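Let's take a friendly walk through a protein model, from its overall build down to one helix. Have the sequence and the 3D view ready as you read.

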Amino acid sequence: MAGTASATDEPPLVIAPPPGPRSREVGARLAALECPAFEERRKARSAVAGADDAHGIVLARGRGSNLFDVDDNRYVDLAAGFGAAILGHGPSAAHDAARAQLDVLAQGLGDLYASDVKARLLERLAAIYPAPGARVLFGQSGADALTAAIKTVTLATGRSGLIAFDGAYHGLSYAPLAACGLKESFRAPFAEQLNRDVTFVPYPRDAAQAAAIVERIGALLDEAPKAAVLVEPVLGRGGVVPAPAGFLAALGEVARRSGALVIADEIWTGCGRSGALVRSLDEGLVPDVICLGKGLGASLPISACIGSAEVMGAWARGGEVVHTSTHAGAPLACAAALAALDAVDGGLARRAAALGAQLVHALKAALGGLAVEVRGLGLLVGVELHSPAAGISACRALLARGYVVTLGGRGEVLVITPPLTIDEGVLMGFPSALAAVLVEAT
Ligand SMILES: Cc1ncc(COP(=O)(O)O)c(C=O)c1O
């Protein structure tokens, strides 16, 4: 298998059934200190799974694709920090670059007196855009990049309306929250403060739906012009649904016809995760704005909003219309991002594509008789079970066997997003572990 695999990955080793005593002790402290929303969510999920224990594990360290909890259990990390740890944990080229940068200059002065490493990353990111003159705005999170993108399309079109998708997730700060189709409960208490001009349409699951939805979007845009269509090339948190072939290109055409822009939210799919540096470009869509985050900093917080010369030109309006923040384009994260992009370009995206296809194949073979659906692109893979209760229970049973996975959709989809460097043999131990968990549950 081409690309850089972690040399240190090992299979799971669970010595204290999770959550072990130390995880329980720290978990209780967390529950008393953190915003209560998180504990409430843990309790609600436990209740759905019919379990009375709301504690999770508490992590202590990581190396490659292994995570260790405070009870010294060793897990295989199939979540990678929600997709951010593309090079795994512990030593990596990105961490070496950040460490070297830490000794030289950790913090610049944003857009006032920027750093040389920020200039290098700007050049690198602008060159990703397939037309000359692209410009870049930095942030620290995916939500930051989406906020910058939404401001950009608003300035460029003079309109505020958006078309977004049911099940979509773009982050929870106010601009992208308005376009969050994943859970009404995320938006409802804040609805009065959110953009009201957002129309949601279904995310297509097959070619026939794709054609109908493109037509519907065309009709909506003819009825009332919008600033942009906001799309994930793979509906990620909504349940790992890859866009049907041709959908993204057709979406670009229908938007352009009515003067709407297209924002590609590549926060999860980009930087190699889905087997491409930028998924939508590989799918024949040239978005007006591309958002990258998560894996961009290989675990350091950095995100980028990359826009065409034309749309980003809308910021050049004189006076003080700016979008910036203290840590935007901070040297430490920029150094890590340059090294992460080197790794992605140097074979990691290709490796993710090949290894992901192999994983999907192995999962389908192992789960053949269990009537579950396996889908994905690159190392962004979902296994849809029958219900949220089944998903939450499987997630816990997998943890007990030493596999860390997260959930998507309403909880019915197991989401598998390991570091892109994960050892092939260690990853391929997962399908049989999942099959065993699902058979036990029947
Ligand atoms: C597609 C997509 N966009 C945006 C975000 C928000 O990113 P962040 O959590 O870094 O704000 C996420 C997070 O999961 C995401 O999956």
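## Overall build

Buried residues make up 52% of the 442 residues in the protein; a residue is buried if 20 or more other C-beta atoms lie within 10 Å of its own, exposed if 12 or fewer, and partly exposed in between, with C-beta atoms placed from the backbone. This is a predicted model, in which local features need pLDDT of at least 70, side-chain atom pairs count only at pLDDT 80 or more, and totals for chains, interfaces and linings use all residues. Residues are numbered from 1 along each chain as its sequence is written.

The protein has 16 helices and 17 strands (DSSP runs numbered from the N terminus: helices are H or I with at least four residues, strands are E with at least two). Its radius of gyration is 21 Å, close to the 22 Å that the globule rule gives for 442 residues, so the protein is as compact as a globular protein of that length. That radius is taken over C-alpha atoms, and the rule is 2.2 Å times the number of residues to the power 0.38.

## Two domains

Domain 1 covers 21-90 + 347-441, and domain 2 covers 108-329; these bounds come from an automatic or database domain assignment. Their C-alpha centres lie 27 Å apart.

How many residues of domain 1 are in contact with domain 2? There are 27, and they meet 21 residues of domain 2, where contact requires C-beta atoms, placed from the backbone, within 7 Å. On the side of domain 1 that touches domain 2, helix H13 gives the largest share, 5 residues.

## The nonpolar core

The largest nonpolar core has 142 residues, and Leu251, Leu261, Cys291, Ala336 and Ala340 have the most contacts inside it. Such a core is a set of buried Ala, Val, Leu, Ile, Met, Phe, Trp, Tyr and Cys residues joined through C-beta atoms within 7 Å. H13 supplies the largest share of this core, 18 residues, and at least three residues come from each of domain 1 and domain 2.

Leaving aside residues up to four places away in sequence, Leu261 touches several residues, including Val153, Ala227 and Val311.

In helix H5 (residues 116-126), the buried residues are Val117, Lys118, Leu121, Leu122 and Leu125. Seen down the helix axis, they fall within an arc of 140°, so they line one face of H5; the arc is that of the directions from the axis to the C-beta atoms. Asp116, Ala119 and Glu123, on the other side of H5, are exposed.

The buried residues of H5 pack against helix H4 (93-104), strand E4 (135-139), strand E12 (303-307) and helix H13 (331-366).

Technical notes
Contact = placed C-beta atoms within 7 Å.
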